[in-house]
Amino acid sequence: MLVTALAALLVASPAGGVFAGPTQANGSTVYWGPAVLGMSKAPHAVYIEARASYIHVGYQREPEDASTEPLYPRETFGIISPVGALTAVASTPWPELRVFAGVFSPTTAGTRWRTDGPTRYHVTDSTAFAYAAPLGAIWTVSPRVAVAIGGGPMFVSLDQQASYDFGAYANRALPSGAQLFPFEDPELEGSLELDLHGWSTLVLASVYAKPADNFAIALSGFLPQTPRLGGRLALTAPPSLADAVPVQIANPTADFRLTYPIPWALNAEAELTTGRMTFALLAQMQGKSRQRLILGRVVTSDSALLRGDQVSVRESRNEYTVGLRGSYKLDSGLELASRFDVTPRNTPREAVSPLNIDFTLMELNLGARIPLTESITLEATYGAVLGIPVHVESSIFNPRADTLSGFALPSARGDYTVWAQKVIVGCNVAFGG
Amino acid sequence: MRPLVLSLVILLPRLALATCEASYAPSAVRAQITQESIDTALRAADTILPDTVALPEIDRTVFECGGWFDDVAIHASGAEVRASLDQVEVDLQAGAIALRVAGSVNVSAFLELTVCALPNTACNVALDIDHFEVSARASIGVDDCVPEIVVDSVVLSMENQAVTLDLATCGLYGSILSAVHDSVRDALVDYVRTDLVAGLPELLNKRIADATTGLVDREVSAARLQFKAQPRLITVAEDALLLDFDLDVQPATRSTCVDASTLEPRPRPTGAPIALPQGQTAIGVSDHFVQRVMDSAWEAGWLCFDTRTTDVGIGDILDGTLPGSRIDALVVAKHPPRFVTGDDGGGVALQVEDLHGEVAIRMPSNEQYSATFDTGVFVGADVAVRDSKRRIVVAPKSLGMDALSVQIGRADLNLSRSTMAGFVEAAIMPRFLSSLREVPVTANVFTSTPLAIAIDEVRTSAAGIVASFSLFSAGPDGSPPRTALAEEPHCPCGAEVELTADSDDDKTPAGFIHHLIDIDGVAQTDVHVGNSISLSGLTGGRHEVKIYAQDLSGNIDASPEVITLDIDTTPPVVVVRDGPRGIIPAGGTPLRIDADDNMSKPEDITIDYVVEAVGRRAKDDHQLASGRLKSTDVLKLDGLPDLSTVRVRLTATDQAGNVATFTQSYAVVDDPGMGCAAAGEASLFAMLAIAGMLLRKRKRPTC
């Protein structure tokens with residue numbers, strides 16, 4: 001029975017650029033809360049947003065015991081993460097009722113660690129993403145209040161590769177002190193590949209209120225139904241071991257089922273306009289504790305090595321973000337904005353691993369929004385993200401833990417760093433008015 | 001009938017004692033029999049004499065009739081003497097044994113009479129001597145390795161009025177015979193007085209020879225060892241009899257582990273008899289003989305450990321992870337172990353200077369990866385007496401290694417010397433130790449019935465091993481024992497069942513009653529001595545077991561104890577139900593244990609738990625807590641070391657003794673370090689404060 005540490009490093013802060021939030025109408029509005037679309041003067045509108053992020057992650061692994069383990073090289077990887085979002089709204093014969101539709105990604109993550117680096121037993125390449133396509137209705141209760149509800153299908157994909165330490169696996173059968181095989185021996189290093197996909201649903205709701213002409217508040221949230229992913233789990237043994245144990249070890253595969261919860265989100269924003277200046281305070285909470293323990297099960301396998309339950313211990317906790325946006329609107333209609341977000345780290349430091357990194361992120365976004373015509377507005381954002389380095393002194397991961405524990409992996413002690421830059425462009429098109 | 005003296009002798013051998021053989025270890029064993037023990041043994045007084053002694057034919061002329069007539073003469077044939085001893089006393093004096101025997105004698109004979117002019121006749125006659133006494137003084141020694149009693153003087157006395165002759169069966173001739181009554185009586189009495197008494201030394205020595213032959217002819221082997229013995233010296237001291245024996249021991253079979261070409265001729269060992277404690281009946285085994293036993297045990301393969309022939313849990317240890325893989329180990333001592341005793345009565349030790357091992361990891365592809373190792377070992381051992389066999393044994397109990405050297409054969413699997421050394425130390429050597437059987441340093445002690453012994457104490461010293469003991473005598477016994485069990489077994493039971501007997505007998509002490517077993521109508525070959533009855537190899541299902549008690553005189557109870565055993569060989573199932581996974585706090589986490597079994601009730605399932613800290617990398621695990629639970633208990637994990645990996649092992653044992661295990665590991669994090677406490681984030685805290693005011697009405701995240 002094998003242990004898989006499943007998905008994935010968070011690669012970006014909450015969706016959207018400098019104008020992201022439940023009081024704003026743009027491409028990511030279906031994520032932040034579509035109730036604000038009930039305030040739109042245009043009967044119909046389409047909002048598109050494209051984001052490209054470059055994330056750079058570094059890890060300096062620390063040996064558990066410097067006298068018996070090598071000094072590991074510092075490892076880094078960079079990854080470009082493209083994410084898009086679409087929101088569309090249309091009027092109905094009933095003036096107070098509109099319909100909306102959209103596509104957004106509730107979560108996106110990935111890693112690109114080296115296949116021969118010190119992180120390889122946790123993960124090398126991984127990509128985990130979900131896309132939801134909700135459809136719903138917006139009811140404009142009054143000129144100052146709107147509510148929206150909706151739901152739709154969600155597609156989730158998880159691909160992951162990692163090295164597998166057959167030496168550590170075999171050692172677990174041996175009594176204490178009798179570990180016959182060296183840990184992390186390349187001669188005993190196989191690879192594990194996971195390719196899972198699944199469908200689920202997502203529901204969302206939001207409310208927007210404008211108590212005063214210069215003050216608006218909005219609340220929103222979405223709740224994904226936990227998808228059950230299915231796919232293939234493949235194990236490749238190292239050549240020496242495959243030669244030695246030809247039938248049982250060599251490249252077994254399995255049908256794998258994984259219960260993979262997608263975090264929910266709750267958002268709140270308050271926006272105050274004073275003349276040309278606008279200030280907004282944004283808060284978000286993501287229900288990442290759903291991913292604290294991820295359970296998988298091998299349904300069928302051609303090898304006893306791949307049979308049994310699989311557990312991934314991530315110890316994820318609910319995560320919150322607070323941000324402050326300020327903007328200034330020029331006479332030309334150009335609105336310059338900046339926004340600063342902070343997302344404190346919530347995963348226990350001891351549970352941090354090259355697969356499960358959770359930094360305290362500080363994000364500064366600078367952007368602008370300019371109306372090209374009465375119906376077309378462009379948005380652009382440049383963001384810089386800096387993660388507070390994480391030093392993991394003690395790690396829950398221990399290759400000598402029993403297989404069922406979910407943390408029978410090499411120690412993840414060391415220093416973790418991250419920074420990222422992102423560019424977001426969006427186009428808002430209103431028509432029909 | 002049992003011999004008196006020789007039933008007190010230890011003996012093991014099977015070689016005839018006709019000549020002293022030079023290969024024997026001299027003065028290997030000394031036995032000391034106290035006057036008190038001999039008195040105990042003599043309670044079985046009738047065992048000193050044979051059932052009957054045949055008399056030679058007697059021809060005697062009573063008187064001459066003269067003339068034409070034949071003389072009156074008697075011819076006695078087929079005569080037998082039966083003696084019943086009321087009193088037997090042996091008084092040990094310095095250099096001599098004073099023997100006093102009192103009892104009665106019955107002589108029966110077939111008498112043919114020639115009576116003057118009358119027709120000859122014949123009839124059966126009986127002579128009863130109601131009371132006689134024999135007082136003898138003898139010395140005992142060893143002549144050419146044969147024990148010999150020299151009777152220095154014999155005095156027989158009997159009272160005339162105690163002698164009667166019964167001629168009733170002689171019919172009409174009775175009156176005539178009455179005329180010769182005194183003559184017949186005198187003839188028979190004279191025979192008893194002269195021939196029989198004169199033959200006493202010969203009788204005693206014949207009994208000794210018979211007994212010795214009985215002992216030495218018996219096949220006595222133990223643990224692949226063949227023991228032989230011959231008397232060396234018998235000394236009569238004041239109130240004690242000292243018997244020194246030369247012993248030899250040879251391997252019954254020579255192990256293939258031992259390279260015959262390395263065997264060296266064993267020199268004749270030398271050593272003085274071991275000193276025995278005054279006033280105690282005891283046996284002492286000299287250190288030089290124990291060493292010789294160890295030499296032979298080594299030749300017989302005692303220090304040879306081969307996983308291919310011994311199931312000790314190494315061979316298939318990898319099978320669950322690398323299917324079809326095997327690890328085989330061969331461990332053998334190149335030379336015999338050196339026997340070391342302490343001076344203070346403590347344990348003993350066996351020092352092996354050159355233990356050689358070979359390890360082979362075989363894969364299904366028939367590829368093999370090998371390593372060899374050499375080390376010195378020091379085996380600590382206890383000396384004990386195994387009641388069932390009445391053996392003094394050396395029982396290994398611990399093992400220490402010294403100067404382990406590992407050589408790797410093929411490196412394809414990247415086996416390293418350090419990891420292989422760990423495997424040798426933690427996996428092979430403990431199993432090697434567990435494979436070491438107890439080595440008997442005497443094969444049997446005092447097993448001749450109706451005498452039995454109980455070992456009181458076993459001590460070791462630099463000179464060897466001394467066991468002191470007590471004797472029991474069953475005495476004449478014609479009645480069988482009563483079979484009983486202390487309590488009915490509470491089943492379901494496992495394949496091995498321990499019963500406690502409560503049988504008793506009027507003569508045999510309970511500890512020496514044998515129990516014969518019949519299972520489902522099939523008599524078992526094992527004999528169970530004492531109160532403990534061990535049944536093994538029982539298959540699952542219901543069995544009828546009959547238990548018969550047998551006393552030291554061989555009487556068997558005709559009314560066996562009959563019990564029914566329900567045997568369960570299916571292990572229970574034990575799990576942690578809805579327990580935590582991953583991280584647990586050091587402060588405490590309850591684990592709800594569930595156990596179930598096909599036959600045992602949940603309350604009859606015991607669960608032993610061990611909580612251990614799992615070492616990282618090459619560091620060993622160490623135990624944090626252990627204990628026992630019931631199946632419905634909750635195991636509270638608390639006081640765990642922070643930032644450690646702990647493993648909980650549950651071992652569930654059902655009523656039948658079947659065992660199942662469950663293992664789970666947890667990471668212990670007492671105070672998970674959250675973002676605000678992270679290093680380098682102090683400046684962040686101030687910025688978060690305002691937002692936190694809005695958002696952090698919540699509690700600290702919990703697991």
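A:A132 is found in strand β4 (residues 125–132) of chain A; helices (H or I, at least four residues) and strands (E, at least two) are DSSP runs, numbered from the N terminus. This is a predicted model, in which local features need pLDDT of at least 70 and side-chain atom pairs count only at pLDDT 80 or more, while totals for chains, interfaces and linings use all residues. Residues are numbered from 1 along each chain as its sequence is written, and chains are lettered from A and ligands numbered from 1 in the order in which they are written.

With 27 other C-beta atoms within 10 Å, A:A132 is buried. The cut-offs: a residue is buried if 20 or more other C-beta atoms lie within 10 Å of its own, exposed if 12 or fewer, and partly exposed in between, with C-beta atoms placed from the backbone. Setting aside neighbours within four places in sequence, A:A132 is in contact with A:F104, A:P106, A:G152, A:M154 and A:L202; contact here means C-beta atoms, placed from the backbone, within 7 Å. A:S332 is another matter: it sits 200 residues from A:A132 in sequence and 36 Å away in space, C-alpha to C-alpha.

## Where the chains meet

Chain A puts 62 residues into the contact and chain B puts in 59. On the side of chain A that touches chain B, at least two residues each come from α2 (166–171), α3 (239–244), α4 (246–249), β14 (309–313), β15 (319–329) and β19 (390–392) of chain A. The largest share of that side, four residues, comes from α4(A).

Over in chain B, strand β12 (residues 282–286) is mostly covered, with five of its five residues buried. B:A282, B:G284 and B:S286 point one way from β12(B), while B:I283 and B:V285 point the other way. In a regular strand the side chains alternate between the two faces of the sheet.

Strand β1 (residues 25–34) of chain B runs antiparallel to β12(B), and four bridges join the two; strands pair if DSSP finds at least two bridges between them. B:V29 stands opposite B:V285 in β12(B). Also in β1 of chain B is B:S27, whose phi is near 50 degrees, a positive value in a residue other than glycine. B:S27 counts as buried, because it has 22 C-beta neighbours inside 10 Å.

Helix α4 (residues 287–299) of chain B has 13 residues and reaches 18 Å from its first C-alpha to its last, close to the 18 Å expected at 1.5 Å a residue; the expected span is 1.5 Å times one less than the number of residues. Of those 13 residues, 12 are buried, so α4(B) is largely enclosed by the rest of the structure. Just after α4(B), B:G301 takes a positive phi of about 95 degrees.

Helix α5 (residues 417–435) of chain B isn't straight: a kink of about 35 degrees lies at B:I428, shortly before the proline B:P430. The bend at a residue is the angle between axes fitted to the seven residues ending there and the seven starting there. Among the buried residues of α5(B) are B:F423, B:I428 and B:F432. The cover over the buried residues of α5(B) includes β13 (304–306), β14 (326–333), β16 (348–362), β17 (368–386) and β18 (391–408) of chain B.

## Nonpolar cores

The largest nonpolar core holds 230 residues, and B:L247, B:V285, B:V293, B:I428 and B:V441 touch the most other members. A nonpolar core is a set of buried Ala, Val, Leu, Ile, Met, Phe, Trp, Tyr and Cys residues joined through C-beta atoms within 7 Å. Not counting residues up to four places away in sequence, B:V293 touches B:L225, B:V249, B:V439 and B:V441. Another core, of 20 residues, lies apart from it, with B:L471, B:Y548, B:I567 and B:A656 among its members.

Most residues other than glycine have a negative phi, and most peptide bonds are trans. A:E184, in the loop between α2 and β7 (189–212) of chain A, has a positive phi of about 55 degrees although it is not a glycine. With 18 C-beta neighbours inside 10 Å, A:E184 counts as partly exposed.

In chain B, a cis peptide bond joins B:C491 and B:P492, with omega about 20 degrees. B:P492 is in the loop between β21 (464–473) and β22 (497–500) of chain B.

Terms used:
Contact = placed C-beta atoms within 7 Å.
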